[in-house]
Amino acid sequence: MKKRTLFFRIGAIVILLAIAAVMMVIGRGHTVYFDNKKLEYNGETYDTPYKVCVYVNDERVAKLYDKERGMATWIGQNFEMTLEITQEKGGDETTETYQITLPYNMDGIVINLPGFLAGLDQDAYITEFVPVATEETTTEEEELPGDEFGIDIDGDI
Amino acid sequence: MSKQVKAKKKRLTFGQFLANNSVPIMFILFCAVCIPISGFSPSYLLNEIVTRMGRNTFLILCLLIPIMAGMGLNFGMTLGAMAGEIALIFVSDWQIWGIPGVVLAMILSIPISILLGAFCGGMLNRARGREMITSYIISFFINGVYQLVVLYMMGSIIPIKHSEIKLPRGYGIRNTVSLLNMRQCIDNLLAINVNGVKIPVLTFILIALLCLFIVWFRKTKLGQDMRAVGQDMEVARDAGIKVERTRIISIIMSTVFAGFGMILYLQNMGNLSTYSSHSQIGMFCIAALLVGGASVDRASIGNVFVGVTLFHLMFIVAPAAGAKITGDSMIGEYFRVFISYGVITVALIMYETKKRRNKSMAGQELAAAQKEEAQ
Amino acid sequence: MKKEQQDNIWGPAKFNREMKSLGELTSSFGLPRMIITGFLVLLFLLAPVAGVDFFTQITNVLNRFSWNAVMVLAMVPMIHSGCGLNFGLPLGLVSGLLGATLSIQFGFTGAMSFVMAIVIATPFAFLFGGGYGWLLNKIKGGEMMIATYVGFSAISFMCMMWLLLPYTSPTMVWGMAGKGLRTTISLEGFYDKVLAKFALDCNKICGINLVIPIGTIAFFALLAFGMWAFLHTKTGTAMTAVGSNPVFARACGINVDRIRLLSVIMSTWLAAVGILVYEQGFGFIQLYTAPNNMTLPAVAAILIGGASVNKASIPNVIIGTILFQGIVTMTPTVLNSLIHMDMSEVIRMIVSNGMILYALTRKTEGSK
């Protein structure tokens, strides 16, 4: 009886830990930025298409001309996007779906689209984006949708 | 003897029904007066009530277990709320978003809740007969410890990576932590829209699961033990129940569920006020439960739902109605706080007077019995 | 059994107990109190290291002691009569605030406004205290929890009243609306420092930065002496008897309910005077939710001083207030200059609530 309860307890803890581990992997959120910008890599220049429309989860998140940047959020590492590319102005659109495995440790990921389309290495087209200067902007932000119990009478010292 | 009691119970008249449910009836009347004055449309009110129900019910349900064990209103549920908040801070630092984030936060909160619950339960075992005031002070004490951890240790001893949630000085957590990435993720999944009223089905399913759990738990061996302890500690001890252990378990369960409830609450709010989200939550949950007709020693799931509806209805309409009547919006705000405190006060007084009356009645009966025996 | 209790109540044995060995003294002093005292001593030792002037610190501690001591004294009667810790202190504070605001409203100025504030506050304190005492007699055993919520209800009710009552004095109401009291009201021209200005400045005498607020301390000493004298009258000893053993007291023919009612009224009145003394030192009247922040420090202070849930004395008040206010004033300055970290708020929370928790969970002294 004692052994059985112990066994069940350990089992429960293991299961919870397993769920937690799974959640940590599948729930990792990333902010993905798309750069439609010339890329110099190993001495070669990868030029930009005229216009790229980015669809994530069937939703258009960005319409990028040269030197423009778009943004999307994604949960998990198997990032999937559909690109609608117009090479020349007035030219035909080609639509294709791509999958990228995102690096786990990056919060903000910049994907350089020309580099990606040219089929380069991940290292070449992915860079980390670190938001800067949050100090001033977030210290005294505008009130977010606040607590419903607006007035606080604390019984506290 | 027991037959007499039964006969008495059957003769519950309408007047007694009124007396037993005086608080909810008062609230219904109050809301009935205030709703037309406030000028809110029924659909707006319905929408608000449904949202608040989804947000708060889980938290209120966690109060039922200690009441079952005779430990009164668990003001220490704030401890669970703090455990949930610590878990959410970690999850938001690790950038786990959406439903996985919520699930992970819940799992993370469990060990913290158990630890705090065990502490609280142990303390309450040492303060028998004044559990409520002790749990109330415990919530303040642990709040101090929570601030020590969150304000001074996080970022200096406990690693926090992202500067977005840290204070500019490099350690300590900011006043608000954005939970935008998991905002209403549970509420929106499976949500249905009925005539413009959004019903967060998944949240209600979770609440229903907790209700079912409580109903089932009452029938288990442990649940029966708890009720026995709640009825009479000494009798339970004679029957071979480990009273102290049972009481600690009831508090731990309540704390763990409070942690879950707080995570659900905050995912609905979409941001975490690090130092104030939990401070009032216990008070308002307890007030809501009491408004639903519960008392310190008896509370049912029905009380929870009636309470959450009526209390939040009052909370929505009182400021607007107060502003219309007196021309000052603050009056209504103060008024609803006054009502919350007042309800708790009245409920506590009613409970204590009833307890005394029963005691003196039992004493008189005993004296009468002794007299008969002597003759 | 009965004899021992009797001894406890009526005096001589109690005196003997205090004369016991040092070891027992520390154990009765309690571990938390030792830690707090040790912490305070450490702070004082660190003060020169931190570059903080020792005597300025002493002055601050004395000042804060003189402001707060009367409120802590308000705990004594109710603890004595067995009503537990007076978490319903806000009721008294509210009557004090009513006295203060009405006194200004009626146009009293200077020292007269202080006297009149006390005079006006008195009937309110008797009224509120009477109702509160009557209530506590109905619910013996559950006093502390209900007292807490009675206090909260009173404060939130008065929050509405401060807005609604027809105050007109331009120094107190909001300038724009012309009605509704301000959250803080300056006492300049009224009873600001009315007691505190009688101070002994040691700088002139012996060249140290020590200012002793004799006026306020004397006022407290007067009240404390009154309390001590009262506790030695017939009614006072009866009160102690009620607190130690209500059954025995009833057997002695003491009207328990009446004594308890009296103790509650005394507590409430002292709280009302206490807030006025605090205000004259602080220089402002704080209304609305501010009185909430007074209760727990007062409760914690008397417990730190060595009182328990059902036993308290005047020395407890004095020691407790000095220790508690010492920590409150010393931690921010000393810690701030030492490690550039203001942890005072957190330390204060943990110390005061931990102390109350400790008192509530001590098994030996259960008030039923």
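Does B:Gln184 count as buried or exposed, and how many C-beta neighbours does it have inside 10 Å?

Analyst: B:Gln184 counts as buried, with 20 C-beta neighbours inside 10 Å. Here a residue is buried if 20 or more other C-beta atoms, placed from the backbone, lie within 10 Å of its own, exposed if 12 or fewer, and partly exposed in between.

Before going on, a word on what you're looking at: this is a predicted model, where local features need pLDDT of at least 70 and side-chain atom pairs count only at pLDDT 80 or more, while totals for chains, interfaces and linings use all residues. Residues are numbered from 1 along each chain as its sequence is written, and chains are lettered from A and ligands numbered from 1 in the order in which they are written.

Back to B:Gln184. It sits in the loop between strand 1 (176-178) and helix 9 (185-188) of chain B; helices (H or I, at least four residues) and strands (E, at least two) are DSSP runs, numbered from the N terminus. Its phi is positive, about 55°, although B:Gln184 is not a glycine. Most residues other than glycine have a negative phi. B:Gln95 also has a positive phi of about 55° without being a glycine. That residue is in the loop between helix 6 (77-93) and helix 7 of chain B, and it is buried too, with 21 other C-beta atoms within 10 Å.

How confident is the predictor around here? pLDDT is its confidence in each residue, from 0 to 100. Chain B has a mean pLDDT of 86, with 97% of its residues at 70 or more. For the complex, the predictor gives an ipTM of 0.84 and a pTM of 0.85.

Chain B also touches chain C. The contact takes 36 residues from chain B and 32 from chain C, where two residues are in contact if their C-beta atoms lie within 7 Å. On the chain B side, helix 7 (98-126), helix 8 (131-153) and helix 16 (329-374) each supply at least two residues. That side has 23 nonpolar, eight polar and five charged residues; Ala, Val, Leu, Ile, Met, Phe, Trp, Tyr, Cys and Pro count as nonpolar, Asp, Glu, Lys and Arg as charged, and the others, Gly among them, as polar.

Now for the partner. Chain C has 17 helices and four strands, and 51% of its 368 residues count as buried. In helix 5 of chain C, 16 of the 20 residues are buried, so that helix is largely enclosed by the rest of the structure. There's also a kink of about 40° in helix 5 of chain C, centred on C:Trp67; the bend at a residue is the angle between axes fitted to the seven residues ending there and the seven starting there.

Over residues 1-20 of chain C, though, pLDDT stays under 50, and the model has 13 contacts beyond four places in sequence for them. Residues 364-368 of chain C are below 50 as well, with ten contacts beyond near neighbours in sequence.

Methods:
pLDDT = per-residue confidence, 0-100.
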